[in-house]
Amino acid sequence: MVAGICAGAVAAAVLASGTGGAHGYWMRTEAQFAPPTAFIPSAAVTYDMKLVPAAAWIEVGQRTEESGATTVRLRVEGLNPGHEYGVHVHRKPCAADPAAAGGHYQHKPSTDPADVNADNEVWLDFTADGDGSGEASARHKWGFRQGEASSVVVHDTPGTHGVRVACFTVPFGWTT
């Protein structure tokens with residue numbers, strides 16, 4: 001198990017890659033989940049070992065076109081088979097406290113509950129298949145603001161009000 005957690009931490013550090021410039025931005029990063037108390041920390045933290053076991057795997061990719069349109073892709077393996085998960089981009093990095101990731105990233109920041117929707121936020125809800133794998137993607141005509149999108153949080157239910165069961169700190173790029 002420790003070897004798997006070590007490999008996950010190394011994979012997150014080594015495989016996070018991206019590029020930007022006149023033709024847009026892309027990146028892909030992956031890691032294995034580890035509990036916040038793990039000897040070797042991971043960029044992917046599980047808070048609920050039943051729904052997101054240690055050593056489960058996550059990959060997040062981003063492609064932002066020159067126009068600013070952004071696609072975020074999510075792939076996972078090793079989660080609880082048949083479970084429905086809610087996943088959103090959050091504003092701050094992960095930490096031992098699930099609340100540390102802050103609120104959902106919103107294209108148009110708002111306190112109006114009507115603005116908590118898949119058009120104004122990045123929602124990547126999915127149901128894990130029989131092997132515990134799943135994937136989702138979301139495309140928007142807008143991109144992220146610098147320093148305001150920092151993680152992907154996995155919730156125990158789809159939609160907006162689930163408990164945070166895991167978090168993955170992601171090096172999202174931004175539009176200018």
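Ser-150 is buried in this predicted model, because its relative accessibility is 13% (buried means under 20% relative accessible area, exposed over 50%, partly exposed in between, with a 1.4 Å probe and protein chains only). The model is a prediction in which local features need pLDDT of at least 70 and side-chain atom pairs count only at pLDDT 80 or more, while totals for chains, interfaces and linings use all residues. Residues are numbered from 1 along each chain as its sequence is written, and side-chain values use heavy atoms, with hydrogens and water left out.

Ser-150 sits in the loop between β8 (134–140) and β9 (151–155). Strands (E, at least two residues) and helices (H or I, at least four) are DSSP runs, numbered from the N terminus. A polar atom of the Ser-150 side chain lies 3.1 Å from the backbone oxygen of Arg-91. A polar contact is a pair of N or O atoms within 3.5 Å; within protein, one must be able to donate a hydrogen and the other to accept it, and residues adjacent in sequence count only if both atoms are side-chain atoms. Contact here means heavy atoms within 4.5 Å.

In soluble globular proteins, nonpolar side chains tend to be buried together. A nonpolar core is a set of buried Ala, Val, Leu, Ile, Met, Phe, Trp, Tyr and Cys residues joined through side-chain atoms within 4.5 Å. The largest such core has 34 residues, and Val-52, Val-60, Phe-126, Phe-144 and Phe-172 touch the most other members. At least two residues of this core come from each of β2 (25–32), β4 (57–64), β5 (70–77), β6 (84–90), β8, β9 and β10 (164–169). A second, separate core has 5 residues, among them Val-45, Cys-94, Ala-101 and Val-153. Beyond four places in sequence, the contacts of Phe-172 include Tyr-25, Met-27, Val-60, Val-72, Val-89 and Phe-144. Ala-149, Ser-150, Ser-151 and Val-152 are also among the contacts of Phe-172.

The strands pair as follows. Two strands pair if DSSP finds at least two bridges between them. β4 and β5 run antiparallel and are joined by 8 bridges. Arg-63 has Thr-71 in β5 as its bridge partner. The two strands form a hairpin with 5 residues between them, and Gly-68 in the turn has a positive phi of about 105°. β5 also pairs with β8, in the antiparallel sense, over 7 bridges. In β8, Arg-139 is the bridge partner of Thr-71, and Gly-134 is that of Val-76. In a regular strand the side chains alternate between the two faces of the sheet. The covered face of β8 holds Gly-134, Ala-136, Ala-138 and His-140, and the uncovered face holds Glu-135, Ser-137 and Arg-139.

An open sheet of 5 strands has the order β3-β10-β9-β6-β7, with antiparallel pairing. Its edge strands, β3 (44–46) and β7 (126–127), each pair on one side only. β6 and β7 share 2 bridges in the antiparallel sense. Tyr-85 has Phe-126 in β7 as its bridge partner.

Side chains of opposite charge can pair when their charged atoms come close. A salt bridge is a side-chain nitrogen of Lys or Arg within 4 Å of a carboxyl oxygen of Asp or Glu. The count comes to 6 salt bridges. Arg-28 pairs with Glu-30 in a salt bridge, with closest N and O atoms 2.6 Å apart. Arg-28 is partly exposed at 29%, whereas Glu-30 is buried at 14%. Arg-75 and Glu-59 meet in a salt bridge at 3.1 Å, N to O. This pair links distant parts of the chain, Arg-75 in strand β5 and Glu-59 in strand β4, 16 residues apart. Arg-75 is partly exposed at 38%, and Glu-59 is buried at 14%. Salt bridges that share partners join Arg-28, Glu-30, Glu-59 and Arg-75 into one network.

The whole structure contains 1 disulfide (a pair of cysteine sulfur atoms within 2.5 Å). Cys-94 is joined to Cys-167, with an S to S distance of 2.0 Å. The torsion about the S-S bond is about -80°, so the disulfide is left-handed. Cys-94 lies in the loop between β6 and β7 and Cys-167 in strand β10, so the pair ties together parts that are 73 residues apart in sequence. Both Cys-94 and Cys-167 are buried.
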